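Please open the model in your viewer and keep the selection tool at hand. This tour moves from one selection to the next and says what is found at each stop.

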Amino acid sequence: MQENIKKFEVLLTRGLDIYMERILVFILVILYFISTEIACNGHTHINNNVQYEQKALIDFKNGLTDPNNRLSSWKGNNYCYWHEIGCENGTGFVVSIDLRNPYPYPLNNESGNQSYMNLSGVISHSLIKLKYLKYLDLSFNSFKAIPIPQFFGYMKNLIYLNLSHCGFIGEIPSNLGNLSNLQYLDFSSKYTYHNDFGYSSDFFIKNIEWMTSLVSLKHFSANNVNLLMVGSQWIEVLNKLPMLIELHLHHCNLFGSIPSPSFVNFTSLSV
């Protein structure tokens with residue numbers, strides 16, 4: 001009798017072991033399919049992002065005139081290796097575009113005001129699709145006779161924006177005040193002329209109040225930008241920027257007296 005009981009216990013134990021093994025195998029199979037599905041969806045998501053960002057860059061390139069083929073590397077699928085493009089590790093999101101003209105002045109004492117390395121043309125709206133773009137430098141190129149695109153004011157992740165010496169004209173858009181993360185902003189222009197009222201420019205700010213929203217701004221440069229219509233308001237507005245370290249306003253047609261030091265609170269300003 002006891003022997004039969006022991007045999008039954010052995011059989012029962014073996015049966016439970018087999019049952020548990022099958023349950024474990026079943027759980028592992030389920031986990032495998034779940035992880036595979038997640039990996040596939042993640043891979044598809046990344047691939048979609050890559051295609052989306054690549055198309056935005058190609059559309060931007062197609063709007064530019066590039067006489068010296070500076071953007072010749074902008075082809076193929078791996079745009080993170082294209083010249084002047086920086087990507088976030090792991091995701092492939094474009095975080096920087098640095099198209100500053102490396103040779104902004106004529107070489108070998110050539111005549112003329114423009115370097116052969118200049119980019120010109122149209123700045124495509126496709127840039128707004130680069131949702132994670134933080135750094136944009138288009139300085140010393142030749143976007144003559146066009147205003148700064150309004151859509152720049154919707155690129156809210158920008159930390160660095162350099163549009164200096166690009167030949168822009170017209171009013172600087174007030175919706176740039178949306179860029180609350182911006183730390184560096186340069187509008188400096190090289191196009192000025194002298195009249196009875198002083199230095200003048202077709203590149204101007206009409207109302208500077210929007211700059212009070214740039215609470216992260218550390219560097220602001222607007223040399224040769226016409227601030228005549230701003231009047232004495234400029235000091236009051238810039239006084240509200242708590243992080244401002246560096247300020248350049250050369251040949252801007254500023255006027256009016258600067259208030260006493262007790263009113264001005266440029267505690268962080270060093271330049």
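**A walk through the model**

Begin by selecting F151, which counts as buried at a relative accessibility of 9%, where buried means under 20% relative accessible area, exposed means over 50%, and partly exposed lies in between, with a 1.4 Å probe and protein chains only. Before going further, note that this is a predicted model, in which local features need pLDDT of at least 70 and side-chain atom pairs count only at pLDDT 80 or more, while totals for chains, interfaces and linings use all residues. Residues are numbered from 1 along each chain as its sequence is written, and side-chain values use heavy atoms, with hydrogens and water left out.

The structure holds 11 aromatic pairs, and another to select is F143 with F168, a stacked pair with 5.8 Å from centre to centre and 10° between the planes. F143 sits in the loop between β5 (135–137) and β6 (160–162), whereas F168 sits in the loop between β6 and β7 (170–171), so that the pair links parts of the chain 25 residues apart; strands (E, at least two residues) are DSSP runs, numbered from the N terminus. F143 is buried at 2%, and F168 is buried at 3%.

Next, show the strands, and look for an open sheet of 7 strands in the order β2-β3-β5-β6-β8-β12-β13, with mixed pairing; two strands pair if DSSP finds at least two bridges between them. The edge strands, β2 (85–87) and β13 (246–248), each pair on one side only. Within the sheet, β8 (residues 184–186) and β12 (residues 219–221) pair in the parallel sense over 3 bridges, and D186 stands opposite S221 in β12.

Which cysteines form a disulfide? Select C80 and C87, whose sulfur atoms are 2.2 Å apart in the disulfide that they form, a disulfide being a pair of cysteine sulfur atoms within 2.5 Å. The link of C80 and C87 is left-handed, with -100° about the S-S bond, and C80 is partly exposed at 28%.

Notes
Helix = DSSP H or I, 4+ residues; strand = E, 2+ residues; numbered from the N terminus. Phe/Tyr/Trp six-rings, centres within 6.5 Å; stacked < 30°, edge-to-face > 60°.
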